[in-house]
Protein chains: 2
Amino acid sequence: MAIRIGIYGYGNLGKGVETAIKNSSDLELVGVFTRRDPKSLKTLTGANVYSASSVLDFTDKIDVMVLCGGSATDLPEQTPYLAKYFNVVDSFDNHSKIPEHLKSVAKSSEGANKTAIISVGWDPGMFSLNRLYASSVLTNSKYYTFWGKGVSQGHSDAIRRIDGVKDAKQYTVPVESALERVRNGENPELTTREKHLRECFVVACEGADLNRIENEIKTMPAYFADYDTTVNFISQEELNEKHSGIPHGGFVICSGSTGLNGENNHVIEYSLKLDSNPEFTSSVLVAYARACYKLNRKGEYGAKTVIDIPPAYLSSKDYNDLVKELI
Amino acid sequence: MAIRIGIYGYGNLGKGVETAIKNSSDLELVGVFTRRDPKSLKTLTGANVYSASSVLDFTDKIDVMVLCGGSATDLPEQTPYLAKYFNVVDSFDNHSKIPEHLKSVAKSSEGANKTAIISVGWDPGMFSLNRLYASSVLTNSKYYTFWGKGVSQGHSDAIRRIDGVKDAKQYTVPVESALERVRNGENPELTTREKHLRECFVVACEGADLNRIENEIKTMPAYFADYDTTVNFISQEELNEKHSGIPHGGFVICSGSTGLNGENNHVIEYSLKLDSNPEFTSSVLVAYARACYKLNRKGEYGAKTVIDIPPAYLSSKDYNDLVKELI
C-alpha cells in the first residue's frame, strides 16, 4: 500500500513535491492544502485541493504531511502546530534558528506519537550530512561550504526593491581560486569576499539613473557590500530569456590529515549542480517523507533532523536489494 | 569515560586505527591483538600487544573491537566469531559477498546483545552512503562509481607474480572524458575500458625479457586485458622514491531529472582524494566504532551496515552542538 502524502502550501516547493510524488510509485498524493480559495488553484497533476482550514479532517487519511511554506513566518508556526496531528517533514532553512525550531517542534508534538523531520533539503540537508560525515571521519579537519553558481531569491528581491529597478536576478558564484585552495588541502582562512562573488542582472525603469542603482546595489549592507559585485543592465526580454531558471548548487569540501604526525592529507568533496533549486529540495523532502513514515511505524516519535535518520529509510527499495546493489 | 577500543590484526589498517584513536580524545586503545608472537610486535604508539588467543579474556575490558584483518580469509571467520563476544566493526570489502557476510554475522551473533557493523570504509562505506542518498533523492537517476587515481594492491601483486618482475606498483586511473560525460548529465553507457586506465610501474629482474613481461601484463585476464594499460619499466630506486605511497580516491556521480516532464537535470558528485588509503579507511572504522558503542548502549543489537546508522552517532560532539554548528 502506498504511503499517503499531503502537501501543505503550494508554491514552487509544493509543486516540486507534487511532481516528485508522481514519479514515486510507493507514494500517493492525497491532496494539496492551501490558505487561498481551493477553487482558485489548479495543480500541475490534477491533485485534489483542500482548504488549509480543513486539514484536521485528514488526520487519518494522510501518513505524512510535507510542509511547503516559507521559513520566515510560515514554518515556525505551521510545523509545531501540525506536528501534533500528523507526521511532518519541513524544509526550515534559517540556519541560526534551527535549534530553536527543533525545540519548538519537539515540545509541541510531545506525547503525540508522531514523527517530525525538520530542515530537510540540500542546505540544510544533504550539505549538513556531508559536513557531519566528513568532520566525524577526519576529526582534525576543517570544512568549507560554497554556494552557487545559483540564483539567490533574497538578493534578487533586495535589488528589486531599489527605486528605478523594474526586475532583477542575482547569482551567487563561488570564487574558483578559493575552491582550488581548499581542494589542495591548504585549509585557508577565507573572508566573505574571498569565497563568493555576486553577479546581478538588472532591468532598469526607463530614464532611471543607472549609476545610482549600481551604487545602491554595491553598497547595500549585508547583501552586497562585503562582496565583489558586478551589475549588468539588460532588457526585460533578455532577463526573461536567459535568466528565468532557478538553478543552484554548491560544494562542501573538507580537508584533514591522518597518521602519527598528521603526514597524510585527505580531501572529501561533495557537490551539487541543480537545474532547479526548489525541485531538488522537493525531492529531498519526499525521500525524508518516506523515512518519516517508516520511523513512525517503528515507534520512533518526536522531532528529528537529517542527522538522526538511518540512510536506508530514504529508499523505496527492499533492504536486501540495497545491501546487494548499493553497498 | 572514554570508549575502550581493541584492534584485532595489526597491518596497515590496524596501524591506521591506532593513530586515529590517538587523535580522538573520546576513545582509548586497550590493546592490539595479533596472531604473531606479541613480543615480536612493536606498535607505533607503544600500545599494549596481546595474543589473539587471549582475546576472550577481554570481553569486559573492551567496548568495541575493530577488526583489521583481510576480507579474503580473515574477516569471514573472525567477524562472526568475535561478534558473539564483542561489539565489532569490520571493513569487509568483497562487494559480491557482503550480503552473505552480513547474514553470517547476524546469525552467529543472535542473542548476544552485541552490535556489529560490517563493510565500513570508503568503498564499501562512504561511497555506499552516497550511492544510496543520491539514488533515493533522484529516484530516476543513474549513478557511476569511478576509482582512483590510486594504488591497487591486488593488481600490483598480480604483476609481481610474473616471472622476471622484481617489484611493481599499479595505479587505477579514472578516464577524464568519461567523468566529464557523466558530470554533464549524459548518463552514458560505459564499458570497463571506457571508465578506467591502468598504469603500471615495473622493476624488472636483470636480463628479463621486457617485451614478454609487458605482454603478459597487458593480456592478463580480469586484471588488465579489459583495460587500456600502460607499462613503464623503472629502477627500484625510482619505484621506492616516487611510488612508495598508497594514495587512492574516487568519485560517485549521480545524475537524474525532476519536473513534470523530467525537464530539470541535477548532478550530485562525491569525491575523495586520499594520501593514504588504509589510514582513511581506518578513520572511517574509528568513527563507526564510536557509533557501534552508542547503538549498543541504546539496545540496538545485531548485524548492521553503514546504511543503518544514524549519521549523528559517528560524531564525538554533543548533539546540540551538531544541530547548532553543522546543520
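**Close-up 1. Where helix α1(B) meets helix α10(B) in this predicted model.** Asn12(B), Leu13(B), Gly16(B), Val17(B), Ala20(B) and Ile21(B) of α1(B) touch Pro278(B), Glu279(B), Thr281(B), Ser282(B), Ser283(B), Leu285(B) and Val286(B) of α10(B) (contact: heavy atoms within 4.5 Å). Sorted by class, that contact has 7 nonpolar, 5 polar and 1 charged residues (nonpolar: Ala, Val, Leu, Ile, Met, Phe, Trp, Tyr, Cys and Pro; charged: Asp, Glu, Lys and Arg; polar: the others, Gly among them).

**Close-up 2. How the axes of α1(B) and α10(B) cross.** The axes of α1 (residues 12–22) and α10 (residues 277–297), both of chain B, come within 8 Å and cross at roughly 55 degrees (axes are lines fitted to C-alpha atoms, for helices over the stretch in contact, with angles from 0 to 180 degrees between N-to-C directions; helices are DSSP runs of H or I, at least four residues, and strands of E, at least two, numbered from the N terminus). That makes α1(B) oblique to α10(B) (under 35 degrees is roughly parallel, over 145 roughly antiparallel, 65 to 115 roughly perpendicular, the rest oblique).

**Close-up 3. A salt bridge between Arg4(A) and Asp63(A).** Their side chains meet at 3.1 Å, N to O (salt bridge: a side-chain nitrogen of Lys or Arg within 4 Å of a carboxyl oxygen of Asp or Glu). Arg4(A) sits in strand β1 (residues 3–8) and Asp63(A) in the loop between β3 (49–51) and β4 (64–67) of chain A, so the pair ties together parts 59 residues apart in sequence.

Residues are numbered from 1 along each chain as its sequence is written, and chains are lettered from A and ligands numbered from 1 in the order written. Local features need pLDDT of at least 70, side-chain atom pairs count only at pLDDT 80 or more, totals for chains, interfaces and linings use all residues, and side-chain values use heavy atoms, leaving out hydrogens and water.
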